[in-house]
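Please look over the structure first.

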Amino acid sequence: MAHVGLLELYKTAPDVSSVRALEGEHITSSDRPGRSRHVHSGKEHLMSESGSSSTDGPSRRPVTGRMLVTVVAAVATLAVSVLVVLLWQSDSRETPSSPGGSTADKGSAPAARSAATAPFGTQIYVQATDHIAAVEALAVTELNGRPVAVTGGDDRILRIWDLATGKQVNALPTSHATLISTIAVTKLNGHPIAVTGSTDMTVRVWDLATGKQIGEPLAGHVDGVGVVAVTRLKGRQVIVSVDVDKTVRVWDLITGRQVGAPFKGHSDAVWSIAVTSLNGRPVILLGTVDGTVQVRDLVTGKQAGTPLAGHDDALRSVTTARVDGRTVVVTGGDKAVRVWDLATGKLLRAPFEGHTNVIWSAVMTNLDDRPVVVSASHDMTVRVWDLATGKQIGAPFVHPDVVRTMTVARLDGLPVVISTDRSSGLQAWSLSPPYPPIG
């Protein structure tokens, strides 16, 4: 009701341009049609609008009581108008821009709920992003002791989000020439960093605290970089990158130099990767467009294990986890999630079925002590599966558009799903108890 009153008073004010002049603005023809001169003071503008006599007239009339009343009333009206506009502007003004040139709470939803009080499946928040198109890459890490998400896409900007509130805290324009297709995060000498790959055929490393690029671009790929990962190899931190040409390259994170010779990962395009160990050797798992996972020795490039075959569409997601003392591989590509024993190359159980379109991402986490798989799909849902039974837990987390990126983070010590879709932006969903029945 207060806003209605202020706006109505604003509409009845004699002349908004007078108020602007009093605030020190220069009114030009663009502000008021037909007026070309600049107005520098409210007094000059007020005199011209109040109809006072011109010095060019035949005589100057004395100031009468009625004229004084008129002038005082006009000045009072202008003062009220100034106050109204200032209050209206302060109430509607957007939050100042962040360092990247975008507003921290643009498109913000109501205040985020606490992960500790939101039961399983509750949407904690949804936050519009300033990316000009769909988010292509998402990762989570910690910055200044707080959990954050890092996103990238067509606009070549790394955006950093406070996971507790969903608010953007920084935007880092990168020097990539084309879109950011993949992000991996790690720490270098205790500092959080992001590794980005782009269709411009380069890999770059960024200090998330300062927003500065670390070192020169890692160049050598002959096609766009589709996926990157970070791991340790012979005691040093390395970056693993794969391009559209299916070439795998390993880089020393500190020096930026290539480690060993590049090798071809597969005869078909590689859409996803994961790094782990098998029989004491570092290996890379390559999810390919033909629906198989190739297992290669990360040092020699040679086949190191049984290919995981069973999907009938491109593998868009490959992740690994330790469960009951063994390494399991979680894959998604067609409409089903599959879980494999890496050592034997065999499925641990029947595929997890329920999605109605291809799966873009699948990860593992724990609900208390129970291992679960979380998957995101082109069918606009995120689903949670019990690893032991393959049954879905609760209802799907429904999004308004295709869910392209998704991962799991922790807020207040509790697991949450962090996802993005093509229209509504960054979302957080609770995985806290009480848990719904399985199946």
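Strands S8 and S9 (residues 218–219) pair in the antiparallel sense over two bridges. Here a strand is a DSSP run of E, at least two residues, numbered from the N terminus, and two strands pair if DSSP finds at least two bridges between them. The model is predicted: local features need pLDDT of at least 70, side-chain atom pairs count only at pLDDT 80 or more, and totals for chains, interfaces and linings use all residues. Residues are numbered from 1 along each chain as its sequence is written, and side-chain values use heavy atoms, without hydrogens and water.

**Strand S8 and its partners**
- Ile193 is bridged to Asp207 in S8.
- Three residues separate S7 and S8 in a hairpin, and Met201 in the turn has a positive phi of about 75°.

**Burial of S8**
- Six of the six residues of S8 (residues 202–207) are buried, so the strand is largely enclosed by the rest of the structure.
- Buried means under 20% relative accessible area (1.4 Å probe, protein chains only).
- Thr202, Arg204 and Trp206 cover one side, and Val203, Val205 and Asp207 the other; all are buried.

**Largest pocket**
- The largest pocket holds about 1,500 Å³ of space.
- Among its 43 lining residues, Leu138, Thr182, Ile183, Val228 and Ile273 are the closest to the centre.
- Strands that each supply at least two lining residues include S2 (135–143), S6 (180–188) and S10 (225–233).

Notes. Buried means under 20% relative accessible area, exposed over 50%, partly exposed in between (1.4 Å probe, protein chains only). Helices (H or I, at least four residues) and strands (E, at least two) are DSSP runs, numbered from the N terminus. On a 1 Å grid over the protein atoms alone, a cavity is a set of points where a 1.4 Å probe fits but cannot get out, and a pocket is an open set with protein on both sides within 12 Å along at least five of seven lines; lining residues have an atom within 4 Å of a point. Grid points are joined across faces, edges and corners, and a volume is the space filled by probe spheres set on the points.
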